[in-house]
Amino acid sequence: MATYNPYENMLHILDKAAEVLGYEKKDYEFVRYPERELTVSIPIVMDNGDIQVFSGYRVHHNTARGAAKGGIRFHPESDENEVKALAAWMTIKNAIGNIPYGGAKGGIKVDPRKLSERELQRLTRAYVRRIFPIIGVDQDVPAPDVNTNGQIMAWIADEYAALSGTWQPGIVTGKPLSIGGSLGRNEATGRGLTYTLETWCEKNNLKINELTMLVQGFGNVGSVGALLMHRKGVKITTIGDINGTWQNPNGLDIEAMYIYANSHGRSLKGYTEEGATMIPDSELFAQKVDVIFAAAMENQINENTMKKVQARLILEGANGPTTEEADNYFEEKGIEVLPDVMSNVGGVVGSYFEWVQNRTGYYWTEEEYNEKLKKKMNQGYEDVWAMKEKYHVTYRLACYMLALQRVVEAQKTRGFLG
Ligand code: NAD
């Protein structure tokens, strides 16, 4: 298999979107390049006294529409290309959500499971010191991503306060409630995905409670999304996480799995259920279900796995789970893909709501938050739908076209240097 470069993948779709819109290269070339890429080395003292140096990244892809915004992930395979692609997807996503942000992403190449809590805190704080010059409430606002959580966001906010001399909760989102987090934020991505699936059902005259589903990934996005969809009546027969794949043809007990994962560090390791069996991980995508809910990592549905798919819909909860090759294959086969940049936008819309509350100092109820989230999700879907219908393109291409239009318009209005 050719080396997978997610940034190249993003560029191919962007170029295609520009072509359908009739743009010339000069109209949009600036979007093909990240505005700023920072690579940092982060030395920290380990608990045993050794010094270990980690690599970290923060990329601002485009800020035409507002401050850079995007999560930070801690992962052993994190690298420049991955972070660059993730930052670009944030530009697209924030434009589709129509929120006043550009796109950014950050990462540290580390397996956080191998660090103690104190080491993790030292690493997080040292990373903030390294990226301090390019973050700020109106400059770049980080958030959680894979293997980062509210506690890590709290350390980021605290370190930023120490460095700047002011407590600015809006410097980072996804914080715990006790320090300016928002009711509803934790569930926002999974809830948004549920709204997206509901709208897709409406567009296809289907009933959500008649759908069957398999889920890959049972972390923040996968577990909350699966729980809320299960509560809407979706029958989830198969779930895979990093520890294995569980199957119950009568429907897994999602409430029990949710409680188990959340009391075992978001892991299903050791979970058992009457009527459920473990199947090989390689069989996950081959299950005969209506919907694949991909909520683990990028590059999971690729040339090796795509031909196994029997579902009629891929709901992307993760960022970039479907490779370009698989996307093209699904288009040929008539399998629809609800792309990440539209369907998981609830996470960043939820972050935006938290940032708005931080900046106004006025906090909303969970009902207000969810109601506003629903409106934003529905509006995003309808805007993409209008583009898709007008140009007869896939959801993904329609997303890129809509976002490109919005980014180009903002940049043109602001003017170009030179
Ligand atoms: P998480 O760390 O909470 O969960 C990741 C899950 O994926 C875990 O259950 C893990 O076991 C599983 N997983 C990892 N590798 C796997 C593999 N090879 N096979 C099967 N399962 C595997 O992360 P998260 O916050 O839920 O994020 C998941 C995805 O969603 C990422 O792509 C992230 O960028 C994206 N995302 C997250 C948010 C958010 O608000 N957290 C918002 C938008 C997009």
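This is a predicted model: local features need pLDDT of at least 70, side-chain atom pairs count only at pLDDT 80 or more; totals for chains, interfaces and linings use all residues.
**Stop 1: the ligand**

Now show the side chains of Q216, R266 and N319. An N or O atom in the side chain of N319 is 2.8 Å from an oxygen atom of the ligand. For R266, a side-chain N or O atom is 2.9 Å from an oxygen atom of the ligand. With Q216, the ligand atom is a nitrogen, and the distance to an N or O atom of the side chain is 3.5 Å. How much of the ligand's accessible area does the protein cover? On its own the ligand has 830 Å² of accessible area, and the protein covers 86% of that.

**Stop 2: S223**

Stay with helix α7 and select S223, which is found in that helix. S223 is buried, with a relative accessible area of 2%. Its side chain reaches the backbone oxygen of G219 at 2.6 Å. Leaving aside neighbours within four places in sequence, the contacts of S223 are F218, Y258 and N262.

**Stop 3: K175**

Next, go to the loop between α5 (150–164) and α6 (188–203). Select K175, which is found in this loop. Is K175 buried or exposed? K175 is buried, with a relative accessible area of 6%.

Display the side chains of E354 and N358 along with that of K175. The side chains of K175 and E354 are joined by a polar contact of 2.6 Å. A polar contact of 2.8 Å joins the side chain of K175 to that of N358. When neighbours within four places in sequence are set aside, the residues in contact with K175 also include M153, A157, P169, G180, G181 and S182.

**Stop 4: G184**

The loop between α5 and α6 also holds G184. G184 counts as buried because its relative accessibility is 6%, and buried means under 20%. Not counting residues up to four places away in sequence, G184 touches E366 and Y369. Along the sequence G184 and N205 are 21 residues apart, and their C-alpha atoms are 29 Å apart in space.

**Stop 5: the aromatic cluster**

From G184, follow its contact to Y369. Which residues form one aromatic cluster with Y369? Select them together with Y369.

The structure holds 13 aromatic pairs. One of them is Y352 with W355, a tilted pair with 6.2 Å from centre to centre and 35° between the planes. Y352 and W355 are 3 residues apart in helix α11 (residues 346–360), so about one helical turn separates them. Y352 counts as buried at 18% relative accessibility, and W355 is buried with a relative accessible area of 11%.

Now look at W364 and Y369. Their ring centres are 6.5 Å apart and their planes stand at 55°, so this pair is tilted. W364 counts as buried at 13% relative accessibility. Y369 is buried too, with a relative accessible area of 1%.

**Stop 6: N98**

For the last stop, select N98, in the loop between α3 (80–96) and β4 (101–109). How accessible is N98? N98 is partly exposed, with a relative accessible area of 39%. Its contacts, leaving aside neighbours within four places in sequence, are R65, K376 and R406.

Methods. Residues are numbered from 1 along each chain as its sequence is written. Side-chain values use heavy atoms; hydrogens and water are left out. A polar contact is a pair of N or O atoms within 3.5 Å; within protein, one must be able to donate a hydrogen and the other to accept it, and residues adjacent in sequence count only if both atoms are side-chain atoms. Accessible areas come from the Shrake-Rupley method with a 1.4 Å probe; for residues, only the protein chains shown count as cover. Helices (H or I, at least four residues) and strands (E, at least two) are DSSP runs, numbered from the N terminus. Buried means under 20% relative accessible area, exposed over 50%, partly exposed in between (1.4 Å probe, protein chains only). Contact means heavy atoms within 4.5 Å. Rings of Phe, Tyr and Trp (its six-membered ring) pair if their centres lie within 6.5 Å; planes under 30 degrees apart count as stacked, over 60 as edge-to-face and the rest as tilted.
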